[in-house]
Amino acid sequence: MVTFLVFATIVLLFVVLVLIARAQELTADLRDGKVSFHNQSKWNGYFMLGFLVFMFVGSAMCFKILTPVMLPEAASEHGVKTDFLFNITMLIIGIVFVLTQIALFWFAYRYNESHGHDSYFYPHNNTLEVVWTVIPSIVLTGLIAMGMYEWMHIFDPNARDKKMMVIEATGKQFNWMLRYSGKDGKFGERIIDQKHVSPTNELGINWEDPKSHDDFMADKLYLVKNKPVLMKLGAQDVLHSFFLPHFRVKMDCVPGIPTEFYFVPTMTTEEMRTYLQTQPWWQTINPETGQPRWQTFKYELACAELCGKSHYGMQRDVVVVEQKEYDEWLAKQTPMYVPTVAETAPAETPVVDSSKAEEKKPTAMLGKK
Amino acid sequence: METATAAHTDHHADVHGHEEHHHEETFLTKYIFSQDHKMISKQFLITGIFWGIVGGLLSVLFRLQLGWPNETFPFLESFLGKWAEGGKISQEFYYALVTMHGTILVFFVLTGGLSGTFANLLIPYQVGSRDMASPFINMLSYWFFLGAGVVMFFSFFIQTGPASGGWTAYPPINGLRDTAVNLGSGLGFDLWILGMTLFIVSALLGGLNYIATVLNMRTKGMNMFRLPLTIWALMFTAVIGVLSFPALLAGCVLLEFDRLLDTSFYLNNIIINGNLLGYKGGSPILFQHLFWFLGHPEVYIIILPAMGLVSEVLATHSRKPIFGYKAMVFSILAILVLSFIVWAHHMFVTGLNPNLGAIFTLFTLLIAIPSAIKVFNWIGTVWRGKVRLSSANLFAIGFVSMFISGGLTGIILGNSAIDIQLHDTMFVVAHFHIVMGVSAFFGMFAGVYNWFPRLYGRYMNETLGLIHFYITLIGAYAIFFPMHFMTGLPRRYYTYANFETFNNFNFLAEFISVAAIIVFLGQVLFVVNFFYSIFKGRKVEVEKTVDGHDYGNPWGTTTLEWTSPIERLHGNWPGDIPPVHRWPYDYSVNGREYIPQTEPLKPGEVPHE
């Protein structure tokens, strides 16, 4: 019923608008037989100015209300730099935005025909055109240079710290499989063929490789503050994208093609909370949890490439800790290799399903979909 | 001349004489299988409007989900059945909605609807030709377009629903013909491929025709630098289309091979639930290269016609020549060339070679230079004009405003280092909707309001036009400006509730949804105005009557389209095609408000060239 009423109201509104419009047209015809745009231009000139004001007030409100809600400052080394690049570009385009919009709408108001002036035949001016070609070119050259420098640095394999930790993340519908190399710091070999890949060994781990015996799957992505990390990325079924919004990290995970991303986390989860505690918006209460927002802050891992109906659900917690805490966590992890099971019944080799994230014991995950 | 007597006769009089052969047109040949460029233009426009409503409605549906993720809307179930059980749009249908919204608006409205309408209407009129180079191929172009639309529309009514793997059609999600992987990747995606194939045929037939007509069928005296900017833009658009659409067709054919014939062009080591499938050696990234080799030029296919229309509308209604005509032509050319070497900026984080990313950053940001030139020239055109703020011109001004706002954020996204964070987030959604979606719509509306009298001999209603304009301008900014602040939020999320990080913007999502619904209703108002004005609109004033033909010039334009009678004759001019003596922007010169292109130079007058 409500739906019907809403619908009827809208239809009625349209009819009224059309009738008004029709009346307007008829009266204009009666007045002078030929429609003059003089009055219309006059009023719309004022509207143009009005819109200009509205736009700037609206933009200012957006900045005031929305900026505090945005992601907090970057928690990685390169993220701070790309954020800086973002901000400086934003500043430049902000200036251009304000100047050009003012010029556009001001001219539309100032030179509308109701002022009774004549138009000025002014087809071109080479000096002006050279000026407004050269200035953007110079500014853009600067931005390109800064962007390229940063980009090449982020992906420069020679700039990597040799003591970095390596973590493997594999996307599948619809969760992340996070593999750590365990105590030896080396991953067991993966072989993608019919012999190795099976529902109980989705990653195709070669259990005969002793390096695989201490590898473990984690339910959360644990990182160490200031310790460089190389994410080795892959996907099982369709495209996924490994996205750590707080660290400004994103890289697609492509079935059959390995990708990677190297970065350095710079703030532990606790440090970030302490920082956010000082931010007014983060002090407000989150109605869902009933706590101040900073208290429940956590880093998260998301999928950023459409991968199917539950694309929006590929969430994992990310925890950044000091080395000591990390070592403690590491000691508690259980390798997924279970000797007896692996030797006697290969079909029941430990399986990794991170959809059961809360179940920490790998053996409890056996064979579950 | 006998020509005066029959409005609907076929005139093939050429410049040298008037050989006439009358033949009666039936309803079928006049309205359905018409080979008249003006009728085909109307067919494209009305089909485009239909698709515009459908595409807009889809966005309203998924905005309901995004704005109120915890609510149910029982009336949806009555319309959508199993797609909205209990009044809540299902996940599968949500992704079908976003996929088809993109496909329909990008291809069927802003490519077919926009280029199809205005290239057909304006090219023969403004270059001074009786029709397209091949009217028959032109007709085929429309019918393939309609066929493509029928196939796409049909896919909404099959059991597994339409394609739902994104309008970019990336494999493997769309490369596996398995509804367990993705419901829309079954028959729905086959139909998507078939529809797109027909669409590409249509675009190629149309494009070749447009190019041939502009190059070969200009009237006497119409050298290239006397062409209005609309024609330059539409021709370059067609060139881009002809060069880039085949890449997408090839990409789609190979994709269908992977799906139906188990080839491995795009697939390698696919593991579904622990079962290794037999695909070996393909690359999903290859498809992305093929797709974006069209996909990026495609955004210029969308925006260039709008730029051309806006240039013409701004000059006409400002009663002032377009500022920097040649700079405008060469900047379109620069955009054309650059548009082919920037595609990989859509793929910065696919793991492509970082050196490649750097090169594509360079070219991408370079494209800002011709775009900036164009913006400054438009503003320069309004400056010291005698600006008539009609609906058409307001939309043209709105276009410039939108193009600035959306174009500037492109400088951020084109920079690969910053794009790492912003890629596939709502910031991108905001950027491309403003710069290519909304802008192109503004250009299209400017064109429709301006050339409606040419299409139907009547004006559109100005009052409704103004209401439509302000709703659209304010509403579009209300939707997409705040969306930029959702920088870290991934796009194509059904709900953000699973993430603490993203779950803070629900109030904004709701605001955007309300604005989107209002803007949609505003567009319905446009449609009402359109059909109302076809039948009841104010008629174009007759300025003179020659040989029984009424002539008018509603906006006082210099270009050739209004040297043809108000009624739409097949063949456009009852007598000879008028020759051209000057450039198209002689506004407010020599003490005259405007001088038509057909008027010979006065003794001693220096042409503007």
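In which sense, left-handed or right-handed, does α4(B) cross α14(B)? In this predicted model, α4(B) passes α14(B) in a left-handed crossing. The two axes come within 11 Å and cross at roughly 30 degrees, with α14(B) covering residues 426–456. On the α4(B) side, the meeting point is built from Leu105(B), Leu110(B), Leu114(B), Phe118(B) and Leu121(B). Facing them from α14(B) are Gly437(B), Ala440(B), Met444(B), Gly447(B), Trp451(B), Arg454(B) and Leu455(B). Sorted by type, the residues of this contact come out as 9 nonpolar, 2 polar and 1 charged.

The core comes next. The largest nonpolar core holds 287 residues, and the members that touch the most others are Val310(B) and Ala446(B). Helix α4 of chain B, residues 91–127, supplies the largest share of this core, with 22 residues. Once its neighbours within four places in sequence are set aside, Val310(B) is in contact with Trp378(B), Ala396(B), Phe399(B), Val400(B), Gly443(B) and Ala446(B). As a general point, nonpolar side chains tend to be buried together in soluble globular proteins.

Now for chain A. This chain has 369 residues, of which 39% are buried, and its secondary structure amounts to 8 helices and 12 strands. Among its contacts with a separation of 6 or more, 67% link residues 24 or more positions apart.

How do the two chains meet? Chain B puts 109 residues into the contact and chain A puts in 105. On the chain B side, helix α12 (residues 391–413) gives the largest share, 9 residues. That side of chain B divides into 63 nonpolar, 34 polar and 12 charged residues.

One is α2(A), whose 29 residues should span 42 Å at 1.5 Å a residue; its end C-alpha atoms are 41 Å apart, so the two values agree. Its buried residues include Gln40(A), Asn44(A), Phe47(A), Met48(A), Phe51(A) and Leu66(A). The cover over the buried residues of α2(A) includes α3 of chain A, along with α12, α15 (462–483) and α16 (506–536) of chain B. The other helix is α4(A), residues 126–154, which also has 29 residues and reaches 42 Å from its first C-alpha to its last, close to the expected 42 Å. Buried in α4(A) are, among others, Trp132(A), Leu140(A), Ile144(A), Glu150(A) and Trp151(A). The buried residues of α4(A) pack against α3 (77–110) of chain A together with α10, α11, α12 and α13 of chain B.

Beyond its sequence neighbours within four places, His38(A) is in contact with Glu113(A) and Ser114(A). Lys225(A) is 187 residues from His38(A) in sequence, and their C-alpha atoms are 67 Å apart.

Over in chain B, Asn503(B) sits in the loop between α15 and α16. Asn503(B) is partly exposed, with 15 other C-beta atoms within 10 Å. Not counting residues up to four places away in sequence, Asn503(B) touches Tyr496(B) and Ala497(B). From Asn503(B) to Thr26(B) there are 477 residues in sequence and 61 Å in space, C-alpha to C-alpha.

Definitions and conventions: Residues numbered from 1 in each chain as written. Chains lettered and ligands numbered in written order. Predicted model: local features only at pLDDT ≥ 70, side-chain atom pairs only at ≥ 80, totals over all residues. Core = buried A, V, L, I, M, F, W, Y, C linked by C-beta atoms within 7 Å. Buried ≥ 20, exposed ≤ 12 C-beta atoms within 10 Å, placed from the backbone. Helix = DSSP H or I, 4+ residues; strand = E, 2+ residues; numbered from the N terminus. Contact = placed C-beta atoms within 7 Å. Nonpolar A, V, L, I, M, F, W, Y, C, P; charged D, E, K, R; others polar. Expected span 1.5 Å × (residues − 1). Axes fitted to C-alpha atoms, helices over the stretch in contact; angles between N-to-C directions. Left-handed = near helix turned anticlockwise from the far one by under 90°.
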